[in-house]
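Thanks for coming. I will go through one structure today, and here it is on the screen.

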Amino acid sequence: MAVLLNVENLKTYFHTYHGEVKALDGVSFYIDQKETIGIVGESGCGKSVSMLSVMQLIPTPPGKIVDGKVIFEGQDLLKYEAKGDEMSSIRGGKIAMIFQEPMTSLNPVLTICRQLTETMEWHLNMDSQTARKRAIELLKLVGIPEAENRIDAYPHQFSGGMRQRVMIAMAISCNPKILIADEPTTAVDVTTQAQILDLMKEMTERFNTSLIIVTHNMGVVARYAQRIYVMYAGRIVESGLSDDIFDNPQHPYTIGLIDCVPQLGETRSTRRLVPITGVPPNLIDMPPTCAFLPRCKYQIDKCKSEPWPSLRPVGDQHYISCYVNTREKK
Amino acid sequence: MNTSEADVIVEIKNLKMYFPITRGILRRKVGDIKAVDDVSFIIKKNETLGLVGESGCGKTTVGRCILRMYRPTSGNIVFLGSDISTLPESHIRPMRIHMGAIFQDPYGSLNPRQTVGGIVGKPLRIHNMAGKRELSDKVNELFNLVGLDPSMMDRVPHEFSGGQRQRLAIARALACQPSLVVCDEPISALDVSIQAQIINLLEELQDKMGLTYLFIAHDLSVVQHISNRVAVMYLGRIVEITSAEELYSNPLHPYTKALLSAVPIPKPSIERTRHRIVLKGEVPSPAHPPEGCHFHPRCEMATPECHEERPSLREVGNGHMVACIRV
């Protein structure tokens, strides 16, 4: 399968009064056609910033993409002006995004119809009648009952799960090549989460779209993603096929992330949780060494003197940025 | 179940909490939101009762009724042998020595203008449990208990991370050595890697001090891990109560089954093949709940009787209670 989007050595910094925040410090990842990947990490690790950088939606200032390449269909998107026409035709057209907050990402004073048709009129040059017809079809597709009547409703008349469905309809309306879902189910209940994720998977399969799921919940990506990237403090610390990441995690952070959440059916008597000690690092004051070092149980002397290790292969398509062979130490 | 009176910390009988819906400038009452609709359960000494359900199901309201932050519409709350459901506020205050509370948002629940030592020691001062000299010793002890450095006592909350703040909230809740601690979503605002630290701390403290918890959360796997027994709520009613092990191995209510199957498991090999019950539609409004069983419009097993008859909680053996006529 052909590589659709290739991000190389992306660096995005934010300038603040307290100093420079290296939100992304050399992040590389790729996605193939029709592939689903997961990007996992805790809040502040840079997963949202990397998606916003791809879309060139980083608020500048204070943020700035200082280095890297975003190759999409042979073109480097970072060469385009953030507010230029080339970027606008890609954003929402070829690469679409679903944001975390369905409450705030819809405009409260415009009808659902207006918001759905706007993107289609812009990207596909549809007239308003055709766009409206297509919008109704899309709403039916994502499972909104009585779509003909509800299309003229306002966002506040929809529940959280319904709004997320509208967002999905909007995102797929221009047949994007890539759909980026940034924490798509964090604000909804667990039974709604299952509905939304299944719907997203169904839609991307139907329209041959690649899907990037960004989440802090390891369980969410386990079912859908073929490959997974684990991020920590602005870098990718482990990447690999999803079976390898879950069944044979190698980076101490990934191991910790999997061990620290209770699994369904586990009780206090069957397994005590193994927490990751300490707290995530302050991105302003980053040590030259591995950022996970203060929290790491597997550390060796080399970790304290050498700089942050770059990714090295530990298996087929499986990479970690760590000096330690955790498999031997476990 | 045979339990002697002394073992029961809280008994709730037919608790109802309705919030009026008002309209117009005269604030005429036009209906009720039945946040809690006839809920009964007991919590025994040294156990953890987990209360799970989706947002809006009334689980937080139950917790607040037990703390008597709300005055229930009807029903009884028997706390340490006395009925507190209708006591006036002045009589409730002394009872609160025996109650601790930990809330979801550690950023909103700590006064930003007080030192953390003052915050943790406040319950002791309010209830006159410590003189001036003792106070700082006791606060010291509490800091050590929850794994914080007592030298940080004079700082203010914004200098602490989310996990540390939740430790402060726990220290404050335990200051008066309460008989019951109500934990309302204590970990859902924290980062994944910090959540396990707080769960472990709560479990350790329970073993050490013989605490009793009401643990309210929406995350089924977390609730199951920390609880001895679990109650599942749907739209103001309890649909199933049983031990944590049994809830997983033998769930009976169709809603519990759907809830369990919706929780993602971080194992791709299991996840891809697992049969999942995806519920239709959404939770109805508690202002206009469906007739009969509240769950029937979304239930695969519903029969015409389910539309009419409200199922009551009944025991199906070994303390396992379920509210469904089809089970």
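**Helices, sheet, domains and chains**

I start with helix 6 of chain A, residues 160-172, which lies across strand 6 and strand 7 (178-182) of chain A and runs at about 175° to strand 6 of chain A. Axes here are lines fitted to C-alpha atoms, for helices over the stretch in contact, and angles run from 0 to 180 degrees between N-to-C directions. Helices (H or I, at least four residues) and strands (E, at least two) are DSSP runs, numbered from the N terminus.

Some conventions. This is a predicted model, in which local features need pLDDT of at least 70 and side-chain atom pairs count only at pLDDT 80 or more, while totals for chains, interfaces and linings use all residues. Residues are numbered from 1 along each chain as its sequence is written, and chains are lettered from A and ligands numbered from 1 in the order in which they are written.

Now the sheet. In chain A, 8 strands form an open sheet with mixed pairing, in the order 6-7-8-3-9-10-12-11; two strands pair if DSSP finds at least two bridges between them. Strand 6 (95-98) and strand 11 (312-315) of chain A are at the edges with a single partner strand each, so one side of each has no neighbour in the sheet. On average, neighbouring strands of this sheet are turned by 20° against each other, direction ignored. Strand 3 (residues 36-40) and strand 8 (residues 210-215) of chain A run parallel, joined by 5 bridges. Ile37(A) has Ile212(A) in strand 8 of chain A as its bridge partner.

Next, the domains of chain A. Domain 1 covers 1-94 + 177-330 and domain 2 covers 105-173, with bounds from an automatic or database domain assignment. Between these domains of chain A, 15 residues of domain 1 are in contact with 11 residues of domain 2, contact meaning C-beta atoms, placed from the backbone, within 7 Å. Helix 7 (residues 190-206) of chain A gives the largest share of the domain 1 side, 6 residues. That side has 9 nonpolar, 6 polar and no charged residues. Ala, Val, Leu, Ile, Met, Phe, Trp, Tyr, Cys and Pro count as nonpolar, Asp, Glu, Lys and Arg as charged, and the others, Gly among them, as polar.

Last, the two chains. Here 39 residues of chain B are in contact with 40 residues of chain A. On the chain B side, helix 6 of chain B gives the most, with 7 residues. By class, the chain B side has 19 nonpolar, 11 polar and 9 charged residues.

Technical notes
Two residues are in contact if their C-beta atoms, placed from the backbone, lie within 7 Å.
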